[in-house]
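Thanks for coming, everyone. Please have the sequence and the model open while I talk.

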Amino acid sequence: MVENAQIRTNKRSFKIDWILTLILILALFLYGWQIWKAGSANAFYTAAIKSMTESFKNFWYGSFDPAGYITVDKPPVALWFMAISAKIFGVHGWSVVLPSVLFGVGSVYLMYRLVQPYFGKSAGRLAALAMTLTPIVVADSRTNNMDAILIFFLLLALLMLEKAIASQKLVTLLTSFALIGIAFNVKMLQAFMILPAMYLFYWLAANETWKKKVTKLAFATISLLVFTLALPLSTDMTSASKRPYIGGSETNSLMELAFGYNGTERLLGQTTGTGGTFGGGMNSKTQTKKGGGPQGGKLPTNMKKGNAKAPGKVGGKTAQGMPGGQNQKGGPGKMGNGGGGGGAFDIGTIGPFRLFQSSLGPQISWLLPFAIIGLVGGLVFFRDRKRKWYALSREQKQLILWTGWLVPVYGFFSVASFFHPYYMIMLAPPIAALFGIGVTALVKLFNQGRRNRWQFYLLPVALIATAALQSWYVYSYYPWLTWLILAVAIGISAGLVLLPHRTITQPLIIGGLLGILVAPAWWSLTPTIAAESAMIPTAGPSLLTSGQGGSAMGGGMGNNQVNSKLLNYLEKNQGNAKYLFATSDSTTAAPYIIKTGKAVMAMGGFNGTDPAITLKEFKKLVKTGQLKYFYYSGKSGNTEIINWIKKHATKVKTSLYQNTSSQAVGTSSSQTGSQKQPSFNGKTKPTGTKKRGAMTPPSGGKRGAGMSATKKPGTKSKATTPTRQTKQGNAQQPGGMGMGGMGSTGVLYDLSTIYK
């Protein structure tokens with residue numbers, strides 16, 4: 001009888017939260033709908049995934065090419081999940097994106113699990129909804145980049161930290177910090193940005209003596225270090241001859257990659273392999289002094305001194321359709337190649353309000369004003385009035401946890417000199433949590449009805465402040481929506497303050513919340529409608545008109561096309577050579593790896609500047625017949641090797657491999673037709689490709705930050721050629737960003753004739 005009663009009790013306690021279920025379904029729709037049109041998604045990682053499915057060695061190290069020559073410039077953990085998916089379902093755009101989709105939905109659920117136990121179901125649901133409707137979360141979760149997977153591990157670590165505090169079990173605490181170590185091996189030091197919040201929160205929230213806290217945190221730190229360093233140290237200790245070169249590093253070291261390019265260089269704007277600095281986001285004085293162009297050299301010729309801080313400004317005026325640009329109506333600029341923000345290299349101007357600027361704000365900051373005001377309201381409402389003011393309640397400690405995540409990350413992005421706008425996903429969880437908690441706190445403060453106290457007005461102020469920011473973001477696209485958002489917010493806020501009837505309070509509050517969710521919801525929907533799965537993901541209405549959906553690289557960053565004539569020639573003449581061909585950079589190589597599964601040597605890694613091979617080693621490959629062809633796409637590379645090739649190798653007749661028709665890798669014919677190339681003085685050229693801060697602007701491109709601009713309707717495009725800096729050992733040719741393997745302007749060299 002007792003057992004039966006217990007079973008009935010358990011059945012009654014298990015209830016499906018249908019509202020949460022609908023939110024999760026919404027997340028699955030936004031993140032997963034039309035991923036079957038993803039093409040090759042981020043081709044750089046997709047090529048690596050293709051290679052990783054071919055051998056365990058490639059899988060373990062995250063090799064970019066099937067021969068295990070060089071890795072991608074990130075740790076392999078996130079790629080492991082994608083490679084497993086590709087091994088099960090085959091290498092397709094949707095199969096390599098699927099893990100990001102699932103981890104993204106999982107993050108939404110974790111948001112609910114983290115907020116609901118302390119602030120109630122409504123707060124948990126609102127936090128989950130805010131996470132779901134954050135535009136950059138949607139865009140990131142639709143790609144095979146690492147960010148969606150990183151966020152999941154960070155949230156899971158927080159959940160385990162909460163459980164460790166509640167249970168006082170050391171093993172749970174060790175697991176929490178171990179997960180941060182695993183997250184480090186997803187995207188390196190980016191994972192450590194929440195560690196201050198974790199240490200502080202455990203110290204404040206754990207109901208233990210200070211000695212026990214110190215002891216447990218010491219063991220937790222050891223767990224963190226073990227799981228952080230195990231993979232990098234084991235990789236670095238492995239003989240270089242038995243593993244691929246670590247892409248992105250200067251010394252063939254995963255540790256150096258973590259703390260160099262993926263560490264200090266993000267903050268300082270330095271760029272490995274080019275010897276310069278990335279000027280995006282630096283102030284004009286600093287940029288001019290340091291040579292703030294993407295190559296660390298001179299600013300592009302179309303950027304006047306004093307305008308360097310805003311990529312996309314031409315001759316002191318902002319070009320139409322360019323990042324950070326202003327339209328004729330004066331609102332925040334429409335992004336010509338991605339949507340609603342500034343593009344892959346427009347990261348705004350360094351300063352405390354950088355995240356509110358039009359370059360970054362439309363990707364992440366829609367609900368940030370409400371979250372900040374909600375934080376203030378939460379600290380006030382959840383104060384334990386029976387204790388001294390400095391004695392924190394359980395809820396206030398939770399608020400400190402999320403604030404401890406928000407503030408350091410906000411501070412980093414406010415001063416960092418190089419990052420891509422899609423990194424803003426790091427701010428999505430704390431903003432979503434503080435929004436959900438803030439709504440609960442502000443509504444309760446308002447319902448207390450004390451009009452003579454300032455707390456009463458926090459809710460109306462939060463609605464108006466949030467609506468004001470949103471109205472500025474939408475003005476460039478939908479001026480009518482600007483006034484509608486403002487009118488709704490002001491009208492509802494006035495009604496809340498002036499109307500005495502309690503019966504209409506709840507409908508007004510619901511209406512106000514819906515009013516500030518409309519615009520971010522629409523921005524979040526655009527990547528889904530456009531079937532975007534981009535190398536540089538963004539969200540915004542520009543996606544619906546710029547032809548950047550599907551497998552577009554985002555921001556005009558290259559293409560995933562294979563020159564079928566070039567490929568046929570190479571396959572016919574490869575013979576017993578180990579490599580199909582060699583080229584300077586991975587962007588040119590990636591489409592051919594994806595298409596054929598054959599080894600293509602990206603001699604210098606992502607943008608051709610990694611010192612992965614010497615001339616002596618290159619000569620040995622040629623002499624032993626392992627390498628017969630080199631395709632020079634015009635991209636940067638090892639000057640010594642390229643000059644040797646030009647001097648001794650034989651040029652293949654262009655008629656044998658060049659043509660005007662190319663095949664898009666991993667995309668249907670209908671998709672390929674929608675991938676429009678930008679126009680340069682009436683001529684169509686392939687766009688450039690991505691690389692860190694060392695991005696070389698496409699030849700003839702207008703952007704001061706190394707990006708080609710999509711022409712805005714009704715405007716005329718003018719082409720100017722940015723200047724470039726050449727570093728000793730790296731060839732930077734006028735060919736610009738390379739042709740992505742199309743063969744329309746590249747040169748194919750036959751190396752087999754050198755030693756005959």
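Start with Phe-219, which lies in helix H12. Helices here are DSSP runs of H or I with at least four residues, strands are E runs of at least two, and both are numbered from the N terminus. Is Phe-219 buried, partly exposed or exposed? Phe-219 counts as partly exposed, at 44% relative accessibility. Buried means under 20% relative accessible area, exposed means over 50%, and partly exposed is in between, with a 1.4 Å probe and protein chains only. Phe-219 touches Leu-170 and Leu-174, leaving out residues up to four places away in sequence. Touching, or contact, means heavy atoms within 4.5 Å. Val-171 is 48 residues from Phe-219 along the chain, and their C-alpha atoms are separated by 9.7 Å.

A word on where this comes from. This is a predicted model, in which local features need pLDDT of at least 70, side-chain atom pairs count only at pLDDT 80 or more, and totals for chains, interfaces and linings use all residues. Residues are numbered from 1 along each chain as its sequence is written, and side-chain values use heavy atoms, with hydrogens and water left out.

Now the whole chain. The protein chain has 26 helices and 15 strands. Of its 756 residues, 63% count as buried. The accessible surface comes to about 28500 Å², and 62% of that belongs to carbon and sulfur atoms. Those areas come from the Shrake-Rupley method with a 1.4 Å probe; for residues, only the protein chains shown count as cover. Take the contacts between residues at least 6 apart in sequence: 71% of them join residues at least 24 apart.

Thr-528 sits in helix H21. Thr-528 counts as buried, at 1% relative accessibility.

Find helix H2, residues 18-32, and helix H7, residues 121-132: their axes come within 10 Å and cross at roughly 10°. That makes H2 roughly parallel to H7. Axes are lines fitted to C-alpha atoms, for helices over the stretch in contact, and angles run from 0 to 180 degrees between N-to-C directions. Under 35 degrees counts as roughly parallel, over 145 as roughly antiparallel, 65 to 115 as roughly perpendicular, and the rest as oblique. Ile-19, Leu-20, Ile-23, Leu-26, Ala-27, Leu-30 and Tyr-31 of H2 meet Arg-125, Ala-128, Leu-129, Met-131 and Thr-132 of H7. The tally is ten nonpolar, one polar and one charged. Nonpolar covers Ala, Val, Leu, Ile, Met, Phe, Trp, Tyr, Cys and Pro; charged covers Asp, Glu, Lys and Arg; the others, Gly among them, are polar.

Next pair. Helix H11, residues 195-205, and helix H17, residues 394-415, pack at about 165° with axes 8 Å apart. H11 and H17 are therefore roughly antiparallel. Their contact uses Ala-197, Leu-200, Phe-201, Leu-204 and Ala-205 of H11, with Lys-397, Gln-398, Ile-400, Leu-401, Gly-404 and Trp-405 of H17. It divides into eight nonpolar residues, two polar and one charged.

Last pair. The axes of helix H18, residues 428-447, and H19 come within 8 Å and cross at roughly 135°. H18 and H19 are therefore oblique to each other. Leu-442, Val-443, Leu-445 and Phe-446 of H18 meet Leu-458, Leu-459, Pro-460 and Ala-462 of H19. That contact has eight nonpolar residues, no polar and no charged. Tyr-473 is in H19 too, a helix spanning residues 458-474. Tyr-473 counts as buried, at 1% relative accessibility.

Finally, two loop residues. Asn-252 lies between helix H12 (210-237) and helix H13 (254-268). Its phi is near 60°, a positive value in a residue other than glycine. Asn-252 is buried, with a relative accessible area of 14%. Ala-531 is in the loop between helix H21 (505-529) and strand E5 (561-562). Phi of Ala-531 is near 55°, again positive in a residue other than glycine. Ala-531 is buried, at 6% relative accessible area.
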